[in-house]
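Hi everyone, thanks for coming. Let me show you a structure that may be new to you, and we'll walk through a few of its parts together.

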Amino acid sequence: MTIPRPEPRIQRFEQLAYGMFIHWGLYSLLGQGEWIMHQANIPKAEYMKLKDDFTAKDFDGRAIAKLARDAGMRYITITSRHHDGFSLYDTCGLSDYDAPNSPAGRDLIADFVEGCNAEGIVPFFYHTTLDWYQDSFRNDFDGYLAYLRQSVELLCTNYGPIGGLWFDGNWSKPDADWQLDALYGMIRRHQPEAMIINNTGLEARGQVIHAEIDSVTFEQGRPRPLDRRGMPKYVSAEMCQTMNQHWGLGHRDFAYMSPRELIENLAACRKVGANYLLNVGPTASGRIPDYEAAALRRVGDWIKLYGDLLYEGRPGAVVGTGDDFALEYDGRVYLFIHNLSVQGDKNVVRMTSGAGPRAFTGLDRQINGVRWLDNNEELHFAHSVDQGLLVVNATGYPYGTNLVVRVAELT
Ligand code: GLC
């Protein structure tokens, strides 16, 4: 069975590799996550009043795009409209429940796209398909779907070329006819280069729900390698994840990941060729909180050590053991090695194990050497070309260094 070749837009998406997810909206004023309207049963009439306090006074698309670039991210997916039905974009009269009709008084998506374009970051739009605000979602589904299409059409026509649309919510009515041919067909007409993604949610990760879908999603999970043999079309994969436990701001959520975990998660995605879409929840006024910004920049420092390898390296025939893996890039093979210890004086270095032999299989061509990319140290290795087995003696870090995931190049 053959593996289909990726269309150029899908290949370009795979090379974007690492993106920022932004969940921001009226719920950010409450600081209890983006589902709070639903979870706390807040009546619509009461929840809508949040709009009158939505100033967006610190929202600066350019500053956010700059942060993403410093962090080594190549795209941003922002909630143009989330389940509460409030739009950050100008709905041009379709609804008055949008940012221009709030104290913000402006089209925040226009600001966002401008900032992204200025910083060379590709803008993507998250758009909800379920809606807690529109009554038609419950009592006139065909009417609602027409409204949804008109809404999305604005996003496809008012902001220049975009990276893609990221839908979320079809899981709320699994048996409904969402008229996807009409929605996706409209997107292809206006934005032929845009990716179409539809989040299949926590319970159905990795599923392709329509022929036009370009990438599957692995919400909050470890992405699996996709078996693409016999698929009618090549789809890419993306794992989206929160840095804490909520997508929208959570004042009392302290469960943040560290740069170490973020590096490990990014590596786990690239191991199987998937993108990593890492979420931040801006403050009520639209600023990325300090901890998130600092953690992202720290991970960006790590990415800079390896350059394009992280974006363009793809899994190939060489396979590691445990978390260790290999990527192929520009005709070469790179080994990604986890859990190495720091070497040093026994009175100061805590961990003593962690360095030592690491095995890789599938390497059936001759090599001359193996060296760490960060300090060019040559590593001892044993290689059987017949068996394709490579064993590398992975040395620990010199004192003062811990890269979390360390990369060696086969020469
Ligand atoms: C979910 C949630 C949601 C979040 C999304 C991101 O399905 O409903 O609030 O936007 O996942 O992946």
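**A serine, a strand and a hairpin**

Let's start with S285, which sits in the loop between β8 (275-280) and α10 (290-306). Keep in mind as we go that this is a predicted model. Is S285 buried or exposed? Its relative accessibility is 16%, and buried means under 20%, so S285 counts as buried. Which residues does S285 touch, leaving aside those up to four places away in sequence? They are W24, A56, K57, D58 and F59. With D58 there is also a polar contact between the two side chains, at 2.7 Å.

Now please look at strand β7, residues 236-242. Seven of its seven residues are buried, so β7 is largely enclosed by the rest of the structure. Both of its faces are covered: on one side you have S236, E238, C240 and T242, and on the other A237, M239 and Q241.

And the neighbours of β7? Strand β6 (residues 215-217) runs parallel to β7, joined by three bridges, with V216 partnering A237. β8 pairs with β7 in the parallel sense too, over five bridges, and there C240 stands opposite L277. To get from β7 to β8, the chain passes through helix α9 (residues 259-271), making a right-handed β-α-β crossover.

Last stop: strand β10, residues 325-329. Four of its five residues are buried, so β10 is largely enclosed as well. β10 runs antiparallel to β11 (residues 332-338), with five bridges joining them, and E328 faces V333. The two strands form a hairpin with two residues between them, and D330 in the turn has a positive phi of about 50°.

How values were computed
Residues numbered from 1 in each chain as written. Predicted model: local features only at pLDDT ≥ 70, side-chain atom pairs only at ≥ 80, totals over all residues. Heavy atoms only, no water. Buried < 20%, exposed > 50% of the residue type's maximum accessible area, 1.4 Å probe, protein only. Polar contact = N/O pair within 3.5 Å; in protein donor to acceptor, adjacent residues only side chain to side chain. Contact = heavy atoms within 4.5 Å. Pairing = 2+ DSSP bridges. Right-handed = clockwise from strand over helix to strand, strands pointing away.
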